[in-house]
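I wanted to look up what surrounds the ligand and where the open space lies. My entries follow the structure.

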Amino acid sequence: MLIRRPGDILPSEITPKDVFLNRRQFMTAAAGTALLAGEAAAALKGIPSRYSASEQPNSRKEITSYNNFYEFGTSKEDPARNAGSLKTRPWQVVVEGEAGKPKTFGIEEILKLAPLEERIYRLRCVEGWSMVIPWVGIPLASLLKAVQPTGNAKFVAFETLNDPKQMPGLASRVLDWPYREGLRMDEALHPLTILAVGLYGEVLPNQNGAPIRLVVPWKYGFKSIKSIVRIRLQAQQPATSWNLAAPNEYGFYSNVNPAVAHPRWSQATERRIGEFLKRKTLPFNGYGDQVARLYQGMDLTRFF
Ligand SMILES: Nc1nc2c(c(=O)[nH]1)N[C@H]1C(S)=C(S)[C@@H](COP(=O)(O)O)O[C@H]1N2
Ligand SMILES: [Mo]
């Protein structure tokens, strides 16, 4: 069994010995103010969340050197090579739209909304590879609730920074920039959905979407939008970059589903980075116990 119930998980089972949250780095780079000491300290304990996978995480090297971040180039090595030009402080995130209290947050304010947690999640890329990543973050719900969504807030739209001076990949028209993603409100409020600000207990490397990126572990990796600057609550389903690029290949939902093939390849198996033999892909990437109910009654071949 890949996902276990809260009481079944022993911290020693799922936190490898070398996963220690680096107190000093978090406080200086991510926090910067004494006020954040509490949050940073909570993270430092490395209390593994009840939502964590019980598998061995990929190495930090794997997680930070094999990336998709088209704003820095389309090959897997490009983000690690090129993302140094991204300036992640100061950083603001506009949260607007169907909200009683829309607000532009500085990154430090977002870090104060909830204690940082470690979440060890599988990430399944639509191209057929996967990794296990020890993220550090807060539930997306804690940010959304802070702006008081109205009754018309049915969806959440996200946008990545769109600055050609910092992002050399924007010069090529591979996607319709800015990179855009979206979730239905219930998906966005689900406790598995997080905003990650770190990994392996340290501040998020630029190539992984610093300073703040979404992680939705039951969906294909492209839903987990990086370097977010704008979040909009809205009544209509938002347009998303990959759906705009190839609507027959990438749907709005993009739930990991071994039974629904991509038009050009099967989604039944995946290669875990660092392994040779392929694994079977699990429905909802193994998180079905927790999320399948969100899609009850929906035809998942139609809403792919
Ligand atoms: N802004 C932006 N976000 C993005 C992407 C991108 O190209 N641009 N790539 C996506 C894809 S396809 C994947 S698989 C994940 C990869 O995240 P990682 O590099 O941290 O593993 O980021 C997603 N988020
Ligand atoms: Mo991906």
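The model is predicted, so local features need pLDDT of at least 70 and side-chain atom pairs pLDDT 80 or more, while totals for chains, interfaces and linings use all residues. Residues are numbered from 1 along each chain as written, chains are lettered from A and ligands numbered from 1 in written order, and side-chain values use heavy atoms, without hydrogens and water.

Next I listed polar contacts (N or O pairs within 3.5 Å). A polar side-chain atom of Asn67 is 2.8 Å from an oxygen atom of ligand 1. For Arg213, a side-chain N or O atom lies 2.9 Å from a ligand 1 oxygen atom. Ser224 uses a polar backbone atom, 2.9 Å from a nitrogen atom of ligand 1. The protein covers 98% of the 530 Å² of accessible area that ligand 1 has on its own (Shrake-Rupley, 1.4 Å probe).

Then I checked the site: ligand 1 sits in the largest pocket, meaning that more than half of its atoms lie within 2 Å of the pocket's grid points. That pocket has a volume of about 460 Å³. Of its 27 lining residues, Asn68, Phe69, Cys125, Gly221 and Phe222 are closest to the centre. A pocket here is an open set of points on a 1 Å grid over the protein atoms alone, where a 1.4 Å probe fits, with protein on both sides within 12 Å along at least five of seven lines; lining residues have an atom within 4 Å of a point.

Key:
Polar contact = N/O pair within 3.5 Å; in protein donor to acceptor, adjacent residues only side chain to side chain. Points joined across faces, edges and corners; volume = space filled by probe spheres on them.
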